[in-house]
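Please keep the sequence and the coordinates at hand while reading.

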Amino acid sequence: MGLQLIFAVETNKTCKSDWIYIKDTIDRFYKCSTNSLKLSTIYMNGKTNYRSKEKEVRSLINQYDRINNTSKVIYCIDCDNYDSKPEDKNFIDNIIKFCEEHDYECIWFCKDIESVYWGEKVSNNQKKNKAICFKKNRMIDNINEKNISVTTYKTNTSNILTILDKFIEQGTFERKGIN
């Protein structure tokens, strides 16, 4: 019996920048049982498309689950200007509610994924190159674990490890000893 984690990410299939950061995080902080774990990605091409991806989510679940396996969906979103724009805060609240209603998890990056991993805003035309540079130079090794293990929004932080740690309890992940 295995587990499929389906990550729905904001970026598109061409850029794939969000997945680069998420996969680097998984590889650095966890030992994964490759025999019983499948990582799948859905590219939303913008977080406003989250509801329209249900057909793709269902398809991935049906393909994997028919062999006595289970799947868990994880939406990965940027908080954007949650603290200064009520519409951004409402949008995040709606996605979190959507996830709760569907028994999905929600990983957020405050204010966006690049500010969590780079400490600064990255222009749209540089996102792919910056993500490739991040991976190539193993910059994940410089990330402070505390900044990606939070439970409340704060600029340059994320709850990614808080959410992924839930899968340790299911025997899918084991935390690596990080010094």
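A residue is termed buried under 20% relative accessible area, exposed over 50%, and partly exposed in between, with a 1.4 Å probe and protein chains only. The model is a predicted one, in which local features need pLDDT of at least 70 and side-chain atom pairs count only at pLDDT 80 or more, while totals for chains, interfaces and linings use all residues. Residues are numbered from 1 along each chain as its sequence is written, and side-chain values use heavy atoms, with hydrogens and water left out. Helices (H or I, at least four residues) and strands (E, at least two) are DSSP runs, numbered from the N terminus.

The description begins with the sheet. Five strands form an open sheet with mixed pairing, and their order is E3-E1-E4-E5-E6; two strands are said to pair if DSSP finds at least two bridges between them. E3 and strand E6 (157-158) stand at the edges with a single partner strand each, so one side of each has no neighbour in the sheet. Strand E1 (residues 3-9) is joined to strand E4 (residues 70-78) in the parallel sense over 7 bridges, and within this pair Ile 6 stands opposite Val 73 of E4. Helix H3 (residues 86-101) packs on the sheet and touches both E4 and strand E5 (105-110), its direction making about 175° with that of E4. Contact here means heavy atoms within 4.5 Å. Axes are lines fitted to C-alpha atoms, for helices over the stretch in contact, and angles run from 0 to 180 degrees between N-to-C directions.

E4 also pairs with E5, again in the parallel sense, over 5 bridges; Ile 77 has Trp 108 of E5 as its bridge partner. How much of E5 is buried? The count is 6 of the 6 residues, so E5 is largely enclosed by the rest of the structure. In a regular strand the side chains alternate between the two faces of the sheet. Both faces of E5 are covered, with Glu 105, Ile 107 and Phe 109 buried on one side and Cys 106, Trp 108 and Cys 110 buried on the other.

Lys 38 lies in strand E3 (residues 37-43) and counts as partly exposed, at 36% relative accessibility. Not counting residues up to four places away in sequence, Lys 38 touches Leu 3, Gln 4, Leu 5 and Tyr 64. The C-alpha atom of Lys 38 is separated by 24 Å from that of Asp 141, a residue 103 positions apart along the chain. Asn 159 is placed in the loop between E6 and helix H6 (160-164) and is buried, with a relative accessible area of 6%. With residues up to four places away in sequence again left out, Asn 159 touches Cys 106, Ile 107, Trp 108, Ile 148 and Val 150.

The next topic is a pair of helices. The axes of helix H1 (residues 17-29) and helix H5 (residues 127-136) come within 8 Å and cross at roughly 20°. That angle makes H1 roughly parallel to H5, since angles under 35 degrees count as roughly parallel, over 145 as roughly antiparallel, 65 to 115 as roughly perpendicular and the rest as oblique. On the H1 side the contact is made by Ser 17, Ile 20, Tyr 21 and Asp 24, and on the H5 side by Lys 127, Lys 128, Lys 130, Ala 131, Ile 132, Phe 134 and Lys 135.

Ile 140 is found in the loop between H5 and E6 and is buried, with a relative accessible area of 2%. Leaving aside neighbours within four places in sequence, Ile 140 is in contact with Asp 24, Thr 25, Arg 28, Phe 29, Tyr 117 and Phe 134. Ile 140 and Tyr 21 are 119 residues apart in sequence, yet 8.0 Å apart in space, C-alpha to C-alpha.

Some backbone features in the loops complete the account. The peptide bond from Cys 110 to Lys 111 is cis, with omega near 0°, and Lys 111 lies in the loop between E5 and helix H4 (113-118). Lys 16, in the loop between E1 and H1, is a residue other than glycine with a positive phi, near 60°; at 39% relative accessibility, Lys 16 counts as partly exposed. Asp 103, in the loop between H3 and E5, also has a positive phi, of about 60°, although it is not a glycine. At 57% relative accessibility, Asp 103 counts as exposed.
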